[in-house]
Structure formats: C-alpha cells, structure tokens
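The following note comments on a single structural model, point by point. Please read each paragraph beside the sequence and the coordinates.

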Amino acid sequence: MINIYSDTEIEKIKKAGVINKQCHEYLASLIKPGISTKYLDDEAGNFIKSHGGIPASKGYEGFPCNICISLNDEIVHGIGKDNVLLKEGDIITFDIMTKLDGYIADSATTWPVGKVSKEKEHLMYHTKRALYAGLKELKAGVPIGNCSARIQQYAEKHGLSVPHEIGGHGVGKDVHEDPFIPNYGRYGEGMILKKGQVIAIEPMLTAGKRQVAIMDDDWTIVSQDGSPSAHFEHTVAITEDGYEILTGE
Ligand code: MG
C-alpha cells in the first residue's frame with residue numbers, strides 16, 4: 001500500500017530527519033582509527049534518544065543494533081561489533097533511522113577513515129552524486145523508473161555497479177513501505193509518483209561487480225567479489241514540481 005502524507009505529517013518526518021542529519025555529523029566527528037563499530041552504534045543510540053527520538057532500526061525484523069554500520073565491502077545492514085576496529089583507509093557507512101512522534105526518517109552517508117585509496121574516493125564521490133542525479137528525476141506525475149534509470153546510468157558511466165537485490169522504499173509511519181525502488185531500471189516504467197508520497201532514495205554502489213552475498217550473521221550484505229561499497233540516502237517528499245529533502249542537504 002502506498003501512503004500519502006499530509007503537510008503536517010511531512011513536517012513531523014522532517015523533524016525526525018533533522019535528528020538523523022545531526023546524528024550523521026556527530027558520528028562522523030568520532031571517526032578515527034582504533035575505535036570499534038559497536039562504540040559508534042552505542043553513540044548513535046544515545047544521540048537519537050537524547051534528542052527525543054527512537055532508533056527505528058533496533059528490533060526491526062529482529063535487527064540487533066541502533067543503526068546499520070557497514071565497512072568497506074559491506075554494502076548494507078552491517079552490525080556494530082566490539083572486535084571490529086576502524087583502521088586508516090577504511091570507508092564506513094552509517095544508515096540511520098530515527099522515529100520521532102510516530103514518524104520515521106531514513107538516511108545514509110559513507111565516510112573515509114583517514115586517507116583512503118583513489119578507488120574508494122571515486123566510489124564515495126560518485127555514489128553521492130548518483131543520489132542527487134536520481135533525485136532530480138522525482139516529481140508528481142512521473143514514473144519512479146526514471147529515478148532508478150538515472151541512478152543506474154550515472155553509476156555505470158562512472159564504472160560503478162548497482163546490486164539488484166537492494167534499493168529504496170516508501171517510509172514514514174513504517175520503516176519500509178511500498179513501493180520498492182530499485183537503483184536500476186528503465187525510463188517510463190514503474191508506478192507514477194503522487195504528491196505527498198514519502199520515499200527513501202538510496203544508491204548502494206560497488207566498485208566491482210554487482211553480485212552480493214550475505215554474511216553468517218544473516219544481516220550483513222557484502223559484495224561477492226570483496227570490492228568496496230558506498231551508500232548515500234535521503235528521505236524525500238514528492239511535491240507538485242519536484243521533491244523536498246526531509247533529511248537535510
Ligand atoms: Mg532506507
């Protein structure tokens with residue numbers, strides 16, 4: 001089912017989105033070699049709660065952590081661990097969902113740990129740009145496939161791959177709402193967007209091939225070939241003329 005949100009509801013999602021954005025910035029300020037991913041997860045949980053929110057990932061389908069933290073070849077749904085320490089040259093993704101006053105915002109960012117390889121810099125830079133390229137396609141009356149196709153086109157032009165199994169989604173009252181929004185597709189295909197829809201657009205790209213595998217923890221999705229992955233995501237509301245970002249620029 002597709003939810004259509006009122007202006008009042010969209011304002012509530014935006015308030016959750018402000019906490020999300022601040023949490024990304026706070027976690028980024030903590031990044032340094034030697035700290036554990038579990039420490040970052042704990043800090044994320046404390047940050048969201050101290051701002052009046054609830055970490056919406058926690059307990060969702062049994063997910064054990066406050067946010068998803070994915071390192072290097074981990075694409076998404078990574079779990080913070082005490083024995084996983086950041087090291088110079090890693091890249092780290094925070095995928096954060098904050099619930100505030102009953103409404104959820106979802107966003108992701110990828111950051112370098114110290115100096116990273118040219119390949120990882122290229123991957124992060126172009127994954128972020130792929131997100132904004134896709135967003136530009138959004139407006140009421142347009143098929144969602146235009147956004148998917150644009151992300152794929154942008155990614156492939158820059159030598160990056162699009163895993164097919166994971167993608168964006170509706171969000172707002174629930175963590176994952178319809179529709180599923182692949183990061184690949186064709187112009188002119190898919191559902192027609194409506195004003196008041198709230199969706200999370202989230203290119204998760206790899207520097208190698210697109211095939212994925214799942215780790216023994218049954219959560220973490222990695223690239224099958226071990227190539228690094230980056231992930232940028234915003235929650236947006238569809239408007240008459242385009243879209244409004246609800247999780248900060
Ligand atoms: Mg999402």
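1. Three-stranded sheet. An open sheet is formed by 3 strands in the order β3-β11-β10, with antiparallel pairing. Its edge strands, β3 (74-76) and β10 (212-214), each pair on one side only. Strands are DSSP runs of E with at least two residues, helices are runs of H or I with at least four, and both are numbered from the N terminus; two strands pair if DSSP finds at least two bridges between them.

2. Basis of the model. The model is predicted; local features need pLDDT of at least 70 and side-chain atom pairs pLDDT 80 or more, whereas totals for chains, interfaces and linings use all residues. Residues are numbered from 1 along each chain as its sequence is written, and side-chain values use heavy atoms, with hydrogens and water left out.

3. β3 pairs with strand β11 (residues 221-223) in the antiparallel sense over 2 bridges. Within this pairing, V76 stands opposite I221 of β11. V76 is also among the residues closest to the centre of the largest pocket, together with Y60, H77, H169 and H176.

4. The largest pocket. Its volume is about 350 Å³, and 20 residues line the pocket. On a 1 Å grid over the protein atoms alone, a pocket is an open set of points with protein on both sides within 12 Å along at least five of seven lines, and lining residues have an atom within 4 Å of a point. Grid points are joined across faces, edges and corners, and the volume is the space filled by probe spheres set on the points, the probe being 1.4 Å. β4 (91-100) and β6 (167-170) each supply at least two lining residues, and β6 gives the most, with 3 residues. The lining divides into 9 nonpolar, 6 polar and 5 charged residues. In this division Ala, Val, Leu, Ile, Met, Phe, Trp, Tyr, Cys and Pro count as nonpolar, Asp, Glu, Lys and Arg as charged, and the others, Gly among them, as polar.

5. The magnesium site. Which residues coordinate the magnesium ion? They are D106 (OD), H169 (NE2), E202 (OE) and E233 (OE), at 2.1 to 2.3 Å. H169 lies in strand β6 and E233 in the loop between β12 (229-231) and β13 (234-238), so this pair ties together parts that are 64 residues apart in sequence. The donor spacing reads D-x62-H-x32-E-x30-E. Donors are N, O and S atoms within 2.8 Å of the metal (3.2 Å for Na, K and Ca); water is not among the atoms, so sites may look incomplete. Both H169 and E233 are buried, where buried means under 20% relative accessible area, exposed over 50% and partly exposed in between (1.4 Å probe, protein chains only).

6. β4 and its partners. Of the 10 residues of β4, 9 are buried, so the strand is largely enclosed by the rest of the structure. β4 pairs in the antiparallel sense with β1 over 2 bridges, with I54 bridged to K99. β2 pairs with β4 in the antiparallel sense over 4 bridges; in these strands C68 has D95 as its bridge partner and L71 stands opposite I92. Both faces of β2 are covered, with C68 and S70 buried on one side and I69 and L71 on the other.

7. The β4-β5 hairpin. β4 and strand β5 (residues 103-112) pair in the antiparallel sense over 10 bridges, T98 being bridged to A105. These two strands form a hairpin with 2 residues between them, and D101 in the turn has a positive phi of about 55°.

8. Backbone points to check. Most residues other than glycine have a negative phi, and most peptide bonds are trans. E61, in the loop between β1 (54-55) and β2 (68-71), has a positive phi near 50°; at 63% relative accessibility, E61 counts as exposed. N72, in the loop between β2 and β3, has a positive phi of about 55°, but at 15% relative accessibility N72 counts as buried. The peptide bond from D178 to P179 is cis, with omega near 0°, and P179 is found in strand β7 (residues 177-182).
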